[in-house]
Amino acid sequence: GKSDSAVTIVNMSIFDRWGNLVFQYDNPELNNPNHGWDGSFNNRSAEIGVYIYTVEMENGGISEFRSGQLTLIR
């Protein structure tokens, strides 16, 4: 099978339900928790609720775009 090392994350963004950008990271390392969202916005805890994520990645030289929803809970 193909190895995961061929996948590169170009950009990861998280938006609130009104479309405001709350988090963005360019070229994050896969599975590196320091490169993920800590649930804060403007140095305060973000509201509990549904957020939209978008991920731009390259897989063997082909650009792919993924998006979905996540729910922030505490």
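1. Arginine 66 and glutamate 64 join their side chains in a salt bridge, 2.7 Å from N to O. The term covers a side-chain nitrogen of Lys or Arg within 4 Å of a carboxyl oxygen of Asp or Glu. A search of the whole structure finds 1 salt bridge. Side chains of opposite charge can pair when their charged atoms come close.

2. The model is predicted: local features need pLDDT of at least 70, side-chain atom pairs count only at pLDDT 80 or more, and totals for chains, interfaces and linings use all residues. Residues are numbered from 1 along each chain as its sequence is written, and side-chain values use heavy atoms, with hydrogens and water left out.

3. Arginine 66 is partly exposed at 44% relative accessible area. Glutamate 64 is partly exposed too, at 21%. Buried means under 20%, exposed over 50%, and partly exposed in between (1.4 Å probe, protein chains only).

4. Threonine 54 sits in strand 5, residues 49-59. Strands (E, at least two residues) are DSSP runs, numbered from the N terminus. Threonine 54 counts as buried because its relative accessibility is 16%. Its contacts (heavy atoms within 4.5 Å) include Phe15, Phe65 and Arg66, leaving aside residues up to four places away in sequence.

5. An open sheet holds 4 strands in the order 2-1-5-6, paired antiparallel. Pairing requires at least two DSSP bridges between two strands. Strand 2 (21-26) and strand 6 (62-72) are at the edges with a single partner strand each, so one side of each has no neighbour in the sheet.

6. Strand 1 (residues 7-15) and strand 2 run antiparallel, joined by 5 bridges. Phenylalanine 15 has leucine 21 of strand 2 as its bridge partner.
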